[in-house]
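I opened this notebook to keep track of what I looked up, entry by entry. The structure comes first, and my notes follow it.

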Amino acid sequence: MELTTEEKEMLEGKHGAAVKKSMEILTALGDIFGAKRLIPVTSVQIAGVSYHNLGDAGLEYLAELAKDGKTRVYTTLNPAGMDLENWQELGIDPEFAKKQKLVIDAFGKMDVITTCTCTPYLVGNKPKQGDHISWSESSAVCYANSVLGAKTNREGGPSALASALTGKTAEFGFHLDENRQAQVIVEVPESPKNVMEFGALGYAIGKKIGKRIPLIRGVDKADLEQLKSFCASIATYGGTALFHMDGITPNKTTVPEEKVEITKEEVENAIKEMNDADEIDFVSIGCPHATIEEVEKIAGMLEGKKVQKEFWVCLARPIKEMAEKKGFAKTITDSGAKFACDTCLAVAPLKGRFKGIATNSAKGVYYGRGKNAFKTKFCTIEECVKEAVGE
Ligand code: F3S
């Protein structure tokens with residue numbers, strides 16, 4: 001790779017040990033993937049924040065970088081293994097909490113903004129169209145590439161952190177326009193109408209086309225909540241990090257020859273496949289993390305009611321603070337439901353605590369099953385709330 005004088009000095013250690021280590025990671029990746037150069041990034045989002053996934057080895061790695069590493073661009077974190085303030089109420093083990101706090105402290109020491117969310121675009125970390133960025137979380141990467149029109153590969157935790165500490169990434173993959181063109185047209189049977197239906201469509205498309213980049217036709221309109229659900233689902237079930245949706249997403253693309261159709265039956269089967277629970281003892285909304293509009297909707301449905309089951313609303317802390325100012329938070333907690341800021345069902349240590357989960361998130365189904373061995377009920381947000389209050 002061609003490096004500038006400054007980049008060479010960074011690699012030689014003239015800017016400190018953390019920058020040297022980071023440059024080693026970025027140049028190694030660049031060499032593997034045939035990048036010609038490093039390019040500046042404007043935003044970073046780092047995954048691999050939960051102590052549940054990092055363990056002591058990960059914590060030691062972060063502590064080492066934190067000795068002299070400082071972020072050079074706007075950087076936030078993916079969800080951690082617990083609500084950083086309210087972890088006791090969510091039943092988190094104190095020993096786990098201690099380790100999780102050390103992880104967050106290490107990131108904080110590096111000047112990372114320790115807002116832990118998979119929807120950084122809701123809380124100020126929102127790149128512009130055409131920006132090169134280094135994001136990690138699969139639904140956020142898909143949202144950034146497809147809906148915002150920014151350019152990112154799906155980074156691992158260490159490579160995203162390396163970008164944060166250097167302000168650079170290697171130019172390959174989705175940073176190059178030739179790799180961002182649609183590879184297959186996907187015709188949709190009918191336009192989905194709610195978050196759950198967008199999740200089911202993402203499941204059906206993902207299973208059918210895998211990692212390829214689709215040009216999706218037949219969706220009339222989609223709001224933010226529906227697109228974030230769709231991004232999470234298509235990235236989870238197919239692995240794609242970028243899609244084009246005719247009339248909805250901003251990127252230009254060439255039109256591929258291959259065309260596939262998604263049938264109504266495939267979408268219905270996706271919904272059936274995601275429903276296998278007889279008994280629900282846990283309800284979780286906010287995968288990806290909830291918007292203030294979703295919180296408002298939940299508050300409206302819970303007004304004057306009491307939940308009969310453990311009910312988590314997962315969201316970024318700044319969104320909870322907005323909900324507190326608007327009074328939605330009090331309505332929700334008065335019902336017995338809980339906020340799970342900074343975390344979610346996939347990264348919190350929940351295995352063995354519940355049998356069946358109800359969620360409106362197709363991705364939540366995947367992780368509820370895979371990480372926690374829950375049975376799942378996949379339904380609308382209204383049905384989730386009814387399940388929680390026992391109606
Ligand atoms: Fe976000 Fe956790 Fe879902 S990271 S996308 S809430 S599995």
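I began with a definition: a salt bridge is a side-chain nitrogen of Lys or Arg within 4 Å of a carboxyl oxygen of Asp or Glu. I noted that this is a predicted model, in which local features need pLDDT of at least 70 and side-chain atom pairs count only at pLDDT 80 or more, while totals for chains, interfaces and linings use all residues. Residues are numbered from 1 along each chain as its sequence is written, and side-chain values use heavy atoms, with hydrogens and water left out.

**Salt bridges.** With that rule I found a count of 27 salt bridges. One that I looked up joins Glu266 and Lys208, whose closest N and O atoms are 2.9 Å apart. Another pairs the side chains of Asp131 and Lys128, at 4.0 Å from N to O. Here I also checked accessibility (buried is under 20% relative accessible area, exposed over 50%, partly exposed in between, with a 1.4 Å probe and protein chains only). Asp131 is buried, at 14%, whereas Lys128 is exposed, at 58%.

**Domains.** I then turned to the division of the protein chain, which gives domain 1 (5-177), domain 2 (184-273) and domain 3 (282-389), with bounds that come from an automatic or database domain assignment. The centres of domain 1 and domain 2, taken over C-alpha atoms, are 28 Å apart. To their contact (heavy atoms within 4.5 Å), domain 1 and domain 2 each bring 15 residues.

**The interface of domain 1 and domain 2.** I looked up the buried area, meaning the accessible area (1.4 Å probe) that two parts lose on being put together, summed over both. Between these two domains it is about 1200 Å², with 71% from carbon and sulfur atoms. Cys142, Ser146 and Phe174 supply 37% of what domain 1 buries against domain 2, more than any other three residues.

**The ligand.** Which residues are around the ligand? I listed Pro79, Cys118, Glu137, Ser139, Gly286, Cys287, Pro288, Cys344, Ala346 and Lys363, near meaning that a heavy atom of the residue lies within 4 Å. Because domain 1 and domain 3 both give residues to this shell, the ligand lies between them.
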